[in-house]
Amino acid sequence: MEPPPLVVVSLVLLCSAGLTRSLSITSVDQSMFEKAQGEKVTLPCTFVLSEEDEGPLDIEWVLIPADNQKKEQIIIMYAVDRIYNNYYAAMTGRMQFTNPDPKSGDGSLDILNLKATDTGTYQCKVKKAPGVQSQKIQLSVLVKPARTKCSIEGSQEIGKDVILKCVSQEGSPLLSYNWRRVSGVSGIQELPAASTLNKNTGELLLKNASQDYSGIYSCFASNRVGTDECSIELNVTPPINTAGVIVGAIIGTLLALFILAFLVFYCCKKQREKKYEKEVHHEIREDVPPPKSRSSTARSYIGSNRSSLGSMSPSNMEGYTKTPYSQVPSEDFERTPGQNPSFAPSKHDIAHKIGDITVV
């Protein structure tokens, strides 16, 4: 005989309630974690089994994408007494179960060397038929402020407005900036009364600066996971003599122009002198004829003397006078080094060879 329908419904509800109570996650209900980049985080997932849970134990960690249209990404899994951790390449070598034996009731996940890209929603699923439980945890990986630089904008003169700037090249928002004044051994001092600080942009405005404003200023950039700082020295001086600077600049410019003009004139002059020397040398070589040969000149002179001696008689030889060597044409000519000059025979030698007449 079948029980009434109302009794059947009551039995189903009791069984469902029993199944729900069979497996439970006991870790502290912390739904959000904030960590700095490079640190380690442990996402908790401890659980308790009941005697009614007789199926195989499965523990699974998944990353839920921000876009609901994308599928969940399995990170690590424990199934059939074995760990599988090669599902997610972006975390390979950086994740592990906190307990090497998760079936003991601890399925917590350790993520090492956190990166900003690790930010997301993680879900721990524990299954042991007929029980199933899950827990979601939000992880935010923040970057500490780093490479903070200080600078000064404006003239550091008495009576001028000066802006001290501070910017961090790295760091997760929201960044907050704060300035302090440090002076020697006295340590931290109050900022000048006429100063205005913008904590969001890191700018410190010093109006109508005086020499009392001089000193070392430090900027501190911070967010929820860290702090970074930089320092800069402010030196407020009297105004510069603008007229003297202008006069000096003009004199220097004129002097430079004079030196430049002198160099150009000197170079042009040297160029003209070289050109003139080449033209004069070329004209001389064209006007002067080539020198005659000394030996040919001497032979022609001696030949003429021989003919005159041949027509002489012994009677008129006495009146013959010797021709000095100075009357022989002497023209410069070139000869090779080491070559001895050969002189033409004198008239005395020529007269001695003619007939029986002897000329002394």
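**Notes on disulfides and cores**

1. The model is a predicted one. By the distance rule for sulfur pairs, it has three disulfides. Numbered in sequence order, the bonded cysteines of the protein chain pair as 1-2, 3-6, 4-5.

2. The link of C45 and C124 is left-handed, with -70° about the S-S bond. It connects distant parts of the chain: C45 sits in the loop between β3 and β4 (47-48), while C124 is in strand β10, 79 residues apart. C45 has 0% relative accessibility and therefore counts as buried. C124, also at 0% relative accessibility, counts as buried.

3. Another disulfide is formed by C150 and C230, whose sulfur atoms are 1.8 Å apart. The torsion about the S-S bond of C150 and C230 is about 80°, so this disulfide is right-handed. Because C150 lies in strand β12 (residues 146-153) and C230 in strand β19 (residues 226-234), the pair ties together parts that are 80 residues apart in sequence. C150 and C230 are both buried.

4. C166 is joined to C219 by a disulfide, S to S 2.0 Å. With a torsion of about -90° about the S-S bond of C166 and C219, the disulfide is left-handed. This pair also links distant parts of the chain, from C166 in strand β13 (residues 162-170) to C219 in strand β18 (residues 215-223), 53 residues apart. C166 and C219 are buried.

5. What of C267 and C268? C267 is in no disulfide, the nearest cysteine sulfur being that of C268, 6.9 Å away. For C268, the closest cysteine sulfur is in C267, and 6.9 Å is too far for a bond. C268 is at 36% relative accessibility, so it counts as partly exposed.

6. The largest nonpolar core has 27 residues, and L43, W61, I75, I111, Y122, V126 and L139 touch the most other members. At least two residues of this core come from each of β3 (41-43), β5 (57-64), β6 (73-79), β8 (95-97), β9 (109-111), β10 (120-128) and β11 (131-142). β5 gives the most to this core, four residues.

7. Which residues does L43 touch, leaving aside residues up to four places away in sequence? They are F33, W61, S108, L109, I111, Y122 and I137. There is also a second, separate core, of 17 residues, with L164, L204, Y213 and L234 among them.

Terms used:
Residues are numbered from 1 along each chain as its sequence is written. This is a predicted model: local features need pLDDT of at least 70, side-chain atom pairs count only at pLDDT 80 or more; totals for chains, interfaces and linings use all residues. Side-chain values use heavy atoms; hydrogens and water are left out. A nonpolar core is a set of buried Ala, Val, Leu, Ile, Met, Phe, Trp, Tyr and Cys residues joined through side-chain atoms within 4.5 Å. Buried means under 20% relative accessible area, exposed over 50%, partly exposed in between (1.4 Å probe, protein chains only). Contact means heavy atoms within 4.5 Å. A disulfide is a pair of cysteine sulfur atoms within 2.5 Å.
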